Amino acid sequence: MREYKHLLLANKAWAAERLEENPDYFTRQIVGQQPEFLWIGCSDSRVAPDQLTNTEPGGMFIHRNIANLVDPGDQNLMSVVQFAVEVLKVGHIIVCGHYACGGIQAALEGGVDGHVHDWLAIARNVVDNHRDELDALPEDQRANRLVELNVHDQLVQLARTDVVQKAFAAGQPLELHGWVYDLRDGLLKPLMEIDANTPLEAVTKPEKVLV
Ligand SMILES: [Zn+2]
């Protein structure tokens, strides 16, 4: 059987199981969505946010790109952030990096071209911002430390966006969380948090949890 047909068969089985558990499952879903969380994560196939947090459909608004980067000029990302904050009124935005991220590795070591190379410009800025710390580390620890520093820089960048600043100023309940996912044990490890009262210029670098 062609590989992709497994997806369609698995979907039929999944839908049937949901109905067996709760005959209203899909009727409820039609009404709309009220997720509490926006997840900004890496496109890596091993880091499936709803699966690893056991979140049902409807529980999480999701944006993924290579290396979980926050570019305020990226209309794709910013429209997701705006919709999540202004319409869905999520209470939490999570930026999540992960152990052994290929995008982060490439930002550090090169070896990619074309669109991927161009996209990773923001991640290369993170390398430049933290050059001294990265250079001082043993070579095999640099990429995973960069994963953590990247989450820090992207979360601060997210906090500075017009959408988040507007929500903070209006007193809308909103917290930003920086996490990493460790592929070795399947666990999410929190690094840092930002809310309306956090002075952004004073946000310190996260502790090492992946190395
Ligand atoms: Zn990745």
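Predicted model: local features only at pLDDT ≥ 70, side-chain atom pairs only at ≥ 80, totals over all residues.

Reader: What makes E148 count as buried or exposed?

Author: Its relative accessible area is 0%. Buried means under 20%, so E148 is called buried.

Reader: How do you know that R145 and E148 form a salt bridge?

Author: The closest N and O atoms of R145 and E148 are 2.7 Å apart. The cut-off is 4 Å between a side-chain nitrogen of Lys or Arg and a carboxyl oxygen of Asp or Glu, so the pair qualifies as a salt bridge. The two residues are 3 apart in helix α9, so about one helical turn separates them.

Reader: Is R145 buried or exposed?

Author: R145 has a relative accessibility of 4%, so it counts as buried. E148 is buried as well.

Reader: What makes E133 and R145 a pair that ties parts together?

Author: Their side chains meet in a salt bridge, with 2.5 Å from N to O. E133 lies in helix α8 (residues 131-136) and R145 in helix α9, so the bridge ties together parts that are 12 residues apart in sequence.

Reader: Which residues are linked in a network of salt bridges?

Author: The network links E133, R145, E148 and K205. Over the model, the rule counts 11 salt bridges.

Reader: Why is R131 called partly exposed?

Author: R131 has a relative accessible area of 37%. Partly exposed covers the range between the 20% limit for buried and the 50% limit for exposed, so R131 takes that label.

Reader: Let's turn to the loops. Where does C101 lie, and what does it touch?

Author: C101 lies in the loop between β3 (92-98) and α5 (102-109). Not counting residues up to four places away in sequence, C101 touches C42, A67 and V147. C101 has 3% relative accessibility, so it counts as buried.

Reader: How many residues separate C101 and V156 in sequence?

Author: C101 and V156 are 55 residues apart in sequence, and their C-alpha atoms are 20 Å apart in space.

Reader: What is the phi of A67, and where is A67 placed?

Author: The phi of A67 is near 75°, a positive value in a residue other than glycine. A67 sits in the loop between β2 (60-65) and α4 (75-87). Its relative accessible area is 0%, so A67 is called buried.

Reader: And what about the phi of N68?

Author: N68 also has a positive phi, about 40°, although it is not a glycine. N68 lies in the loop between β2 and α4. At a relative accessible area of 1%, N68 is buried.

Reader: What makes T161 buried or exposed?

Author: T161 has a relative accessible area of 4%. That is under 20%, so T161 is buried. T161 is found in the loop between α9 (139-160) and α10 (162-169), and it touches P72 and M78, not counting residues up to four places away in sequence.

Reader: Finally, the domains. How is the chain divided, and how many residues are in contact between the two parts?

Author: The chain is divided into domain 1 (1-32) and domain 2 (33-202). In the contact between them, 4 residues of domain 1 meet 4 residues of domain 2. The two domains bury about 300 Å² between them, 42% of it on carbon and sulfur atoms. Y25, Q29 and G32 supply 85% of the area that domain 1 buries against domain 2.

Reader: How many salt bridges and polar contacts does the rule find across that interface?

Author: Across the interface of domain 1 and domain 2 the rule finds 0 salt bridges, but 2 residue pairs in polar contact. On the side of domain 1 that touches domain 2, the residues divide into 2 nonpolar, 2 polar and no charged.

Methods:
Residues numbered from 1 in each chain as written. Heavy atoms only, no water. Domains from an automatic or database assignment. Contact = heavy atoms within 4.5 Å. Buried area = accessible area lost by both parts, 1.4 Å probe. Polar contact = N/O pair within 3.5 Å; in protein donor to acceptor, adjacent residues only side chain to side chain. Nonpolar A, V, L, I, M, F, W, Y, C, P; charged D, E, K, R; others polar. Helix = DSSP H or I, 4+ residues; strand = E, 2+ residues; numbered from the N terminus. Buried < 20%, exposed > 50% of the residue type's maximum accessible area, 1.4 Å probe, protein only.
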